[in-house]
Amino acid sequence: MDSALSRVLFLFFRRMRAPLIVLISAYSISVLGLVAIPGVDDAGNPWHFDFFHAFYFVSFMGSTIGFGEIPYAFTAGQRLWVSFCIFFTVIAWLYAIGRIFSLMQDPAFTRATTEARFIMAVRSISQPFTIVCGYGESGNLLVRAMAQRNLQSVVLDKVQANIDSLLLENLGLDIPGFCCDASVTRHLLEAGLRNPRCRSVVAITDIDDDNVKIAITAKLLRPLIPVIARAGTREAVDNLASFNADHIINAYEAFGEHLAMTQRTPSVHLLHAWLISLPGRTLQLPVTPPVGKWVICGYGRFGSSCARYLEAEGNEVQVIETRAEKAPDGAIVGRGTEAGPLIDAGIRDAVGIIAGTNSDTNTLSAIMTARELNPGVYIAARQDRRADTEIFQAAGIDLIMEPSRIIVWRILPLLNTPLLSRFLRLLRSWGEDDAHELCERVQALCGGVTPETWSFDVDPDSAPAVYAAVDQGGEVRIRDLQRTPTDRETDLPCIPLLLSRGDSNHTLPGPDMALDRGDRLLFTGRAGTRRAMSWTLQNPKALEYVVTGNDLPDGTIWRWLAKRRQRAA
Amino acid sequence: MNLEKVVFGFFILLALTLNFGFVMGDIENPEHHHAYELYAAIIVSLIATVLKFGDRSHMGAVLLATSLVADLQLLMAAFVWAMATHVQGGTDAEIIPSVVSLAGGALLANLASGVLLIIETAALRR
């Protein structure tokens, strides 16, 4: 990739050849003329410029500085030559400078410099980073969420306007972005695919083929780093799965799944929102769409996914679709934005409507019409563009589903806390009762704001004190970790969510469970609890105190004194 | 025939011949080494350097390197000469051996340039 840097240099020199030769010729001819033409010194003796003084004179003449006729006043012959030289050298300079300016504005040159600058920016990143390919709605949301959690990313996108918006956005982190086709291997390499600090690759462009190509490239060049790819169709999912893409996100499936979740297990949906969000935000309230007859406007990939999941939950579904060839059996063919088809679909006795077209304008229009026909209807709408958030909120919609947000929900824990992503996968198979109980516990613990969720491994790096204790045959239970390191009688406001040991996962592990080397734990708790717990994890003295209640004395003398006192007792 | 190649070869060879012409003669005799010839050698050598800019081949890179060496040596020779006669007020006879030996170094670099040019031409199977 030095090639991109040297290409800039070579391009510059190649284009500067002619102007440089003109400059050298202008100077050499001027100097030569001055040396050759005879002059007269102040005493009237014949005198010649030597090369040194001629070069000096031409240097200040050519740059139009002009110190006058030195060292002696010129003869008429010399003046004649100099007046010719002035124009010659000035024109040569103008030509050279003009060429430099036009070169700066040359599209090929500017592109080469931007590319070189991007490579330099990626190379200077000092923390682990993720390559995000595609900076549309989801990409933007993902990069922003990552920046809020202090996770570095590098962005590639095909559209210059998207990259411009990245550069204008104030994300707190310096995120390099480059406009290019991310499915081209060279660009992925420039974005740091081979860089040892590159931690993962996320392919969330709008085009499935590009995502597949990016995932293949990343898997072949860096087999060990995780690749997360978004897929819109079944074929793309199968294609990605065939070469072991680590995580495949099907936005439309995930959307339908969450919609069904809000009906059957609203608490599971709620826990997703809580555990992923930044700590200290207001808790989202539960949403409970009614079960019954639903009208779905638009039977694209979204509508069909919603219809399938709703039917699986025991709802009656009536579809309205504009294109007759796309409409399923029994569907009304027509526009969902008009009253006629809505009435035909039975909006008056429906419990809810899903407006899921890929145009926010049509979605809003369908909602307004439906509400006029049936004021009590439950409205779920798909919001496609984040810029429309305000009008969607003003429209009084009961359930707003943003596909890009759901994609980020799936991707973010994978990058941030992989254990959370595993927990959420297990959580999705829970029943409502269990999930609701956990919801209540989290709510009671955190007092109306979102919890902090963190994970650690029992290894010498992230929990040295616990690892050392367990390694020496000691017993550390989960309950011990939940004690406050300054006062073991009070508990830290946290809940152990998952203990992962080898291939087995224990959700909500009991307080008496003893830890082992290599265990991975996931906790959620009130914001700030993580810091208190890390004290116990790292400091052997704090760990000894929470486990046994003994306050170990520090330093040789105190230890000696303690031993003496023990012996005396 | 390629005009660009003619101009290129012309400047490289001219830089070599002018350099040789300046160096030739008794090293301690200023009569044998004229300032005009050094001047011409410098100018031609600079132009030859610029002509080698922007060639991304390996041969181009080596040619550019030899040319830069020649430029450096010749400019040093001119600088030493100007310094000795104008700043320190010495005579040509005192300084000319240094000037010629510096230019002699440049001659070697130019010779390498010439040899590379001949090798490249010989390797061209057309």
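**Entry: α2 and α3 of chain A**

I started with α2(A) and helix α3 (residues 76-105) of chain A: their axes come within 9 Å and cross at roughly 60°. My axes are lines fitted to C-alpha atoms, for helices over the stretch in contact, with angles from 0 to 180 degrees between N-to-C directions. The cut-offs I apply: under 35 degrees is roughly parallel, over 145 roughly antiparallel, 65 to 115 roughly perpendicular, and the rest oblique.

I noted the hand as well: α2(A) and α3(A) cross in a right-handed way. Left-handed is when the near helix is turned anticlockwise from the far one by less than a right angle, right-handed when clockwise.

Which residues make the contact? From α2(A) I find V58(A), M61(A) and G62(A), and from α3(A) V82(A), C85(A), I86(A), T89(A) and W93(A). I call two residues in contact if their C-beta atoms, placed from the backbone, lie within 7 Å. The set splits into six nonpolar, two polar and no charged. Here Ala, Val, Leu, Ile, Met, Phe, Trp, Tyr, Cys and Pro are nonpolar, Asp, Glu, Lys and Arg charged, and the others, Gly among them, polar.

Bookkeeping before I go on: this is a predicted model, local features need pLDDT of at least 70, side-chain atom pairs count only at pLDDT 80 or more, and totals for chains, interfaces and linings use all residues. Residues are numbered from 1 along each chain as its sequence is written, while chains are lettered from A and ligands numbered from 1 in the order in which they are written.

I stayed with the α2-α3 loop of chain A, which holds P71(A). The peptide bond from I70(A) to P71(A) is cis, omega near 0°. T64(A) sits in the loop between α2 and α3 too, and has a positive phi of about 60° despite not being a glycine. Buried or exposed? T64(A) counts as exposed, with 10 C-beta neighbours inside 10 Å. My scale: buried is 20 or more other C-beta atoms within 10 Å of the residue's own, exposed 12 or fewer, partly exposed in between, with C-beta atoms placed from the backbone.

N150(A) is another non-glycine with a positive phi of about 60°. I placed N150(A) in the loop between α5 (137-148) and β4 (152-157) of chain A. With 10 C-beta neighbours inside 10 Å, N150(A) is exposed.

I also checked D246(A), in the loop between α9 (234-242) and β8 (247-250) of chain A. D246(A) has 16 other C-beta atoms within 10 Å and is therefore partly exposed. Leaving out residues up to four places away in sequence, D246(A) touches P226(A), V227(A) and I228(A).

**Entry: α11 against α18**

Next pair: α11 (residues 266-276) and α18 (residues 432-446) of chain A pack at about 40°, axes 8 Å apart. They are therefore oblique to each other, and their crossing is left-handed. L270(A), L271(A) and W274(A) are among the α11(A) residues that meet α18(A), where the partners include L438(A), C439(A) and V442(A).

**Entry: cores**

I looked up nonpolar cores, meaning sets of buried Ala, Val, Leu, Ile, Met, Phe, Trp, Tyr and Cys residues joined through C-beta atoms within 7 Å. The largest has 135 residues, and I131(A), L142(A) and I353(A) have the most contacts inside it. Helix α16 (residues 403-416) of chain A gives the largest share of this core, eight residues. A second, separate core of 31 residues includes L16(B), F22(B), L102(B) and A109(B).

Then α22 (residues 540-548) of chain A: A542(A), L543(A), Y545(A), V546(A) and V547(A) are buried. Their cover includes α19 (464-471) and α21 (529-538) of chain A. Just after α22(A), I find G549(A) at a positive phi of about 90°.

**Entry: chain B and the interface**

Chain B has four helices and zero strands. I get a box of roughly 55 × 25 × 20 Å for its C-alpha atoms along the principal axes. Of its 126 residues, 34% count as buried.

How many residues meet across the two chains? Eleven of chain A are in contact with twelve of chain B. On the chain A side, α1(A) gives the largest share, nine residues. That side divides into eight nonpolar, one polar and two charged.

Methods. Helix = DSSP H or I, 4+ residues; strand = E, 2+ residues; numbered from the N terminus.
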